[in-house]
Each structure stands twice: as structure tokens, then as C-alpha cells.
Amino acid sequence: MDAKKTTSTILLASLIVAVLSLGVVGSYTAEAAKTPYTLAEVDRAFTNSEGYVTYDSAGNMVVDKKQMREDGVARQDIKIMNQWAKLNNKIISVMNTEDQARIDAVMERAKSGKFSLLTNATTTAPTEGAAGQTDVNFFSLTACGITYGETSHKNPAYELNKNGYTSLQSIRNALIADGNHRIVLPWTDSDLQGRDYGKQNTVGQGGCDEGEFRDQNVIYYGTQHIVGTTRSSGWYTLQQINEPNPEIFTYTQPTFWWAVYTANWHYDPAN
């Protein structure tokens with residue numbers, strides 16, 4: 001047997017195996033990149049990140065990755081927390097803009113990316129036993145009466161609050177006297193800009209009573225709304241009690257996910 005031919009054959013076979021293996025690994029890697037994190041994985045990362053995350057004055061997350069590595073926190077947990085912080089901060093950066101295209105792009109990324117099982121209410125989570133997913137209430141994902149990724153606050157019912165005012169300025173003055181301020185956020189309907197008012201609700205829900213929720217009053221004019229047995233007249237407001245408060249820079253966020261959840265709760269692509 002020709003030793004050179006034998007060696008060449010072995011080398012060629014090894015090269016083919018290596019190429020095929022690379023293709024298989026590559027396909028697995030691509031698939032992994034598309035697969036969203038399970039709630040169990042996110043919960044573990046959030047739980048193990050306690051004490052390593054701070055917030056700046058705008059509500060942006062700062063993750064101390066160096067200290068996490070030194071303390072032996074799992075690499076996967078650091079990766080998930082860092083990716084979540086980037087998503088959180090990107091949403092924060094567009095919250096007070098009027099650039100609907102940017103807002104839409106960021107919110108779509110939040111709903112369809114690696115955290116889609118957490119952020120997309122239309123996504124069906126895997127059943128128990130699938131990809132590490134379970135139906136337990138996760139510690140780090142539960143706050144303010146909800147478990148993010150499983151439950152959500154219902155849209156509060158509208159009620160007629162201020163009614164029968166003779167001018168726009170007079171009803172604005174009445175709202176301000178009650179502790180409200182004008183809200184400038186991208187999810188106010190364009191035809192109601194300047195008529196959206198709110199204030200923190202110190203009763204809140206689920207034990208969160210430090211500004212995590214707000215009461216909102218939107219000013220209208222005319223007789224187009226009937227609430228109960230009362231018809232609106234003149235300048236009036238429709239009020240909603242205890243909405244998740246999108247002015248996240250005005251209070252301490254109760255969890256790592258609150259800003260993203262609140263933005264998603266209020267988001268309306270039709271604006």
C-alpha cells in the first residue's frame with residue numbers, strides 16, 4: 001500500500017468530517033441565536049444579578065459585569081442581564097421622543113427578540129417540560145401583583161372625572177390643583193397632545209405604592225361620552241386609575257423588567 005496515498009486519504013477524510021461538523025455546529029449556533037430565552041433562564045439571570053445593577057437619573061441600567069465575573073456569576077447569567085440592560089436602555093432612550101419610526105423599531109425588537117417570551121403577550125409560552133419552561137411563578141419576574149410573561153394588569157375602566165368646564169384653561173387649572181401635571185410621552189394620541197395629564201397613585205397595586213402606578217386624565221370637549229348615566233358636557237376628562245406609570249425616572253423601579261413592561265403596556269403603534 002502506498003503510504004503517501006493512505007496519508008492523503010486520511011487527511012481528506014478528516015477534512016470532510018471537519019467541514020461537515022462545522023456545518024452542523026454552525027446550524028446549531030444559528031438556531032440557538034433565534035431561540036428566545038425561557039422564563040426560567042431569565043428568572044435565574046435576574047435573581048443572580050441582584051446587587052450588581054444600578055440606575056442612572058434617567059432610569060438607565062448599569063450592569064457591573066466585571067464584579068459579576070470576579071464573584072463567579074455564571075457567564076450565561078451575565079450575558080442575559082447585559083442584553084436585557086441594553087434593551088431596557090434603548091427603550092428608555094426613545095420614551096420621550098416623538099419619532100414614531102424609532103419607537104416602532106425598538107418595540108418590535110423587544111417583542112420579537114431573545115426576550116420575546118417575556119415581552120410579547122401574543123407569544124405562546126412552551127408548556128411545562130419544554131425547553132426548561134415551567135408554569136411556576138418565578139420570584140424575580142413577580143412584582144406589583146403580576147408575573148411578567150404570564151400575567152398583566154388589565155386596562156383600567158374609564159370614568160368621567162372633571163365635567164362641564166367652560167374653557168380648556170379652566171379644566172387644566174383644576175387638574176393641576178389636584179396634583180396632576182401634563183404628560184409628554186410618545187403614546188398620547190396625536191390629536192390629544194397637550195391634553196394628557198396624570199399623577200402618581202400612592203395606593204397602587206400589589207404592594208407597589210411609591211409611584212409605580214399613576215392616574216391619568218385626558219381632556220376632551222363635547223357630549224360624545226356617556227359613563228354610567230352621566231353624559232359629558234363642555235370641557236371634561238376621562239380618567240383611568242392605576243395604570244403602570246411610564247414616567248419611570250420619577251420613582252424607583254421595583255424590578256429589572258418594569259420599564260420594558262410599562263413601555264410595552266402603553267405602546268400603541270397606531271400613534
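**Reading burial, salt bridges and cores**

User: What does D178 count as, and at what relative accessibility?

Analyst: D178 counts as partly exposed, because its relative accessibility is 37%. Buried means under 20% relative accessible area, exposed means over 50%, and partly exposed lies in between (1.4 Å probe, protein chains only). This is a predicted model, in which local features need pLDDT of at least 70 and side-chain atom pairs count only at pLDDT 80 or more, while totals for chains, interfaces and linings use all residues. Residues are numbered from 1 along each chain as its sequence is written, and side-chain values use heavy atoms, with hydrogens and water left out.

User: Which residue does D178 meet in a salt bridge?

Analyst: A salt bridge is a side-chain nitrogen of Lys or Arg within 4 Å of a carboxyl oxygen of Asp or Glu. Here the side chain of D178 meets that of K162, at 2.4 Å from N to O. D178 lies in the loop between α7 (168–177) and β6 (181–182), and K162 in the loop between β5 (159–160) and α7, so the pair ties together parts 16 residues apart in sequence. Helices (H or I, at least four residues) and strands (E, at least two) are DSSP runs, numbered from the N terminus. K162 is buried, at 13% relative accessible area.

User: How many salt bridges does the structure hold?

Analyst: The structure holds four. One of them joins R214 to E243, with the closest N and O atoms 2.9 Å apart. This pair links distant parts of the chain, since R214 is in strand β8 (residues 213–221) and E243 in strand β11 (residues 235–244), 29 residues apart. R214 is buried at 4%, and E243 is buried at 2%.

User: Why is helix α8 described as largely enclosed?

Analyst: Nine of the nine residues of helix α8 (residues 258–266) are buried, so the helix is largely enclosed by the rest of the structure. The cover over these buried residues includes α4 (75–95), α5 (100–112) and β11.

User: Which residues have the most contacts inside the largest nonpolar core?

Analyst: In soluble globular proteins, nonpolar side chains tend to be buried together. A nonpolar core is a set of buried Ala, Val, Leu, Ile, Met, Phe, Trp, Tyr and Cys residues joined through side-chain atoms within 4.5 Å. The largest one has 47 residues, and F46, W84, I91 and W257 have the most contacts inside it. Its largest share, ten residues, comes from α4. Contact means heavy atoms within 4.5 Å; leaving aside neighbours within four places in sequence, I91 is in contact with V106, M107, A110, V260 and A263. A second, separate core of six residues includes L160, L192, Y220 and Y236.
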